[in-house]
There are 4 protein chains.
Amino acid sequence: MSDTPAQRETARAEAFSDGVFAIAITLLILDIKVPAEQALPAGTSLSDRWLLHALGRQWPGYVAYLMSFATILVMWVNHHRIFALLRKTDHAFLFWNGLLLMLISIVPFPTSLLATYFMTPAARVVAAVYAGHGVLIALAFQGVWQHLVRNEHLLMPGTKAEVAWLTAQYRFGPLMYLIAFGLAFLSAWASIGLCLAFAVFFSLQGFTQKG
Amino acid sequence: MSDTPAQRETARAEAFSDGVFAIAITLLILDIKVPAEQALPAGTSLSDRWLLHALGRQWPGYVAYLMSFATILVMWVNHHRIFALLRKTDHAFLFWNGLLLMLISIVPFPTSLLATYFMTPAARVVAAVYAGHGVLIALAFQGVWQHLVRNEHLLMPGTKAEVAWLTAQYRFGPLMYLIAFGLAFLSAWASIGLCLAFAVFFSLQGFTQKG
Amino acid sequence: MSDTPAQRETARAEAFSDGVFAIAITLLILDIKVPAEQALPAGTSLSDRWLLHALGRQWPGYVAYLMSFATILVMWVNHHRIFALLRKTDHAFLFWNGLLLMLISIVPFPTSLLATYFMTPAARVVAAVYAGHGVLIALAFQGVWQHLVRNEHLLMPGTKAEVAWLTAQYRFGPLMYLIAFGLAFLSAWASIGLCLAFAVFFSLQGFTQKG
Amino acid sequence: MSDTPAQRETARAEAFSDGVFAIAITLLILDIKVPAEQALPAGTSLSDRWLLHALGRQWPGYVAYLMSFATILVMWVNHHRIFALLRKTDHAFLFWNGLLLMLISIVPFPTSLLATYFMTPAARVVAAVYAGHGVLIALAFQGVWQHLVRNEHLLMPGTKAEVAWLTAQYRFGPLMYLIAFGLAFLSAWASIGLCLAFAVFFSLQGFTQKG
């Protein structure tokens, strides 16, 4: 049986979204820079020891990379779950989806900010930007999801139980990142530690769920 | 039923186009730079306040990003609509489509120019380049569309009404950006304000249309 | 009818190749740089005139961009034609195809070299590298094609006439770029002019062919 | 016959993975830099000879590029083979696959380190990082594969013989890169020479295998 036009449109929106997710997640590595030889302090010679030290000093960049990679991957898995329930799309859905894709493709920027300024006196600003961006992503995701919940004709028939279960699952995302955002004003470490905990938690969550 | 070769060729051209759209839209973020520590004025210490201020000063970059993201997304939606009507492609269509893809993939350049020079005495040049690039995109899009309208055998049967409606819709694109281009010589703010209004208008337009 | 495993493998190799083509063609824009404010000569103030002049001085970059974009697009169209004839793939085919993809994804490097050094006394080196890279691409393309011609079981049945026609078409590619490569030692302008002529010729060729 | 949801989920995970592979492999070229005019020693004039020399000095970058391109391509071919055997996915599989994709998308970083520092006194560090990253990739690949072997219901029926054969094939990957990692502490050349040998060996291996 050939696909219907509605299925084809949904498939194309899904493929485009996947492209943006795949590119954003792969671009993250561009922000991990090779230590510059020019950073070698005068009077020091280039050595194994210096390079190891220079690589070590970049640890906030590695943590930021891992955290953002996990976050985008988790968002992709959830996005994927939503599309699996979709019968057709409408303009408002495409608008919300576009907003979500924009926020996903922005992720390299707060990640890079974090890598550069986490170990400086400006740490709280970058923690607030990172966690605040997490709030925006969680809200856009809610926007996508709530639009579907309120417009059942966009969903496949017979998905009520799963929709209810996902609605419960997705409920706390914005609040969680809001707490991390608030914490940033007290302590950058606490705020980013919480964001990291979310990324780890959501990445591992799958193991306890039905396959 | 298996797809015919014509359908397969059309699908491949569509997938390639989607790839270019997805990459171009995701690369836009590379032009939003983390403020450089080196930009810290002598005698100032790195602080939350300095970083906030430095991030704030980059606002033309954020606006340019949003505007270009919206523009590429709207072009993708329209491109998608055209392909939904397509029965098969020919060489001239692929040529026009290639020209459109080239202009889409160039978007990060005028965007970056705008971000860098909008708040300088060279603002009019960058506004003219940005709006002028909008004219070129609108013309290439007309090229793609008019080629189809003039070669009805490339379109699905029974699409006359929709084709007429889209022809009316797409009529004003080049003129609109031409006005923004002309305005650039008087005022960069007016020109870019108009481009921004177009991006917002086209993004929201979908809500008033049939789903 | 479901696809056979052979069709599925071919489709996946095609999709992967398309991804590489789409990314390589879109990355080209990253080499067109926004003129740096730091390049402003001492004593000159930043103005519309200065920026226009600075943008104008970058013309070899624009030409190199257009030429490389057209070249990759033409290669994509030809790659696409080959895959349309393919019944199945084998390891040697995948090896040749991988080599071709590598050379395509390298294109941004000679393009960037050309943009940077064409107007300097080192022009002949960059012209030779650019044309020489064209020779390598044409040879890898021959490798892909000749492997298929020599292993007819990889091709769809009933494609003899088209295969013969394409073999004739593709015959001259390596020689053409070899001439441009040789010319580079005499004149960078002649060499790059010839490469540009090839790109324009192949781009427009489609119009005179059967759709 | 329409695809089942399980097939569709598998196909989407495969398409996403292919996107990441294609982007990572194409981004490698961004680390091959055009020699900077600023690197021209004082008193030397820009000439063909200087540029040739400057391009030649970058040879570790070219070797690193070729080696990493071949490595990612070989990983893609193997990844592809695994997916061809897959009946459905589960969460643990997606987790291991996500880990593998992360390590693949990190490849440009050790590649760039190698290109920058291989000819300096810090060569052993970059060789150890490069080979060590190879160990991690091989381990993640084992993780993906062993998960499938231990959960036969995820595999297509009738694939026992091929699974056993692939298990034997994949057995030595981690050990091979572990040896290269150990060698790095003695000699960067030996370590990287071995990594290069692996890349060449695996690339050519296909020719001796059943098509």
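In this predicted model, chain B is superposed on chain C by a rotation of 90° with 0.0 Å of shift along its axis, at an RMSD of 0.0 Å; the superposition is by least squares on the C-alpha atoms of residues with pLDDT of at least 70 in both copies. The two copies are thus related as by a four-fold rotation axis. Different surfaces are used by the copies, in that 6% of the contact residues of chain B recur in chain C; two residues are in contact if their C-beta atoms, placed from the backbone, lie within 7 Å. Chain A and chain C do not touch, and their nearest C-alpha atoms are 9 Å apart. Chain B and chain D likewise do not touch, with nearest C-alpha atoms 9 Å apart.

Chain A contains nine helices and zero strands, in the order α-α-α-α-α-α-α-α-α from the N terminus. Helices (H or I, at least four residues) and strands (E, at least two) are DSSP runs, numbered from the N terminus. The C-alpha trace of chain A spans about 70 × 40 × 30 Å along its principal axes.

Of the 211 residues in chain A, 45% are buried, a residue being buried if 20 or more other C-beta atoms, placed from the backbone, lie within 10 Å of its own. Among contacts in chain A between residues at least 6 apart in sequence, 81% join residues at least 24 apart.

Local features need pLDDT of at least 70 and side-chain atom pairs count only at pLDDT 80 or more, whereas totals for chains, interfaces and linings use all residues. Residues are numbered from 1 along each chain as its sequence is written, and chains are lettered from A and ligands numbered from 1 in the order in which they are written.

Methods:
Buried ≥ 20, exposed ≤ 12 C-beta atoms within 10 Å, placed from the backbone.
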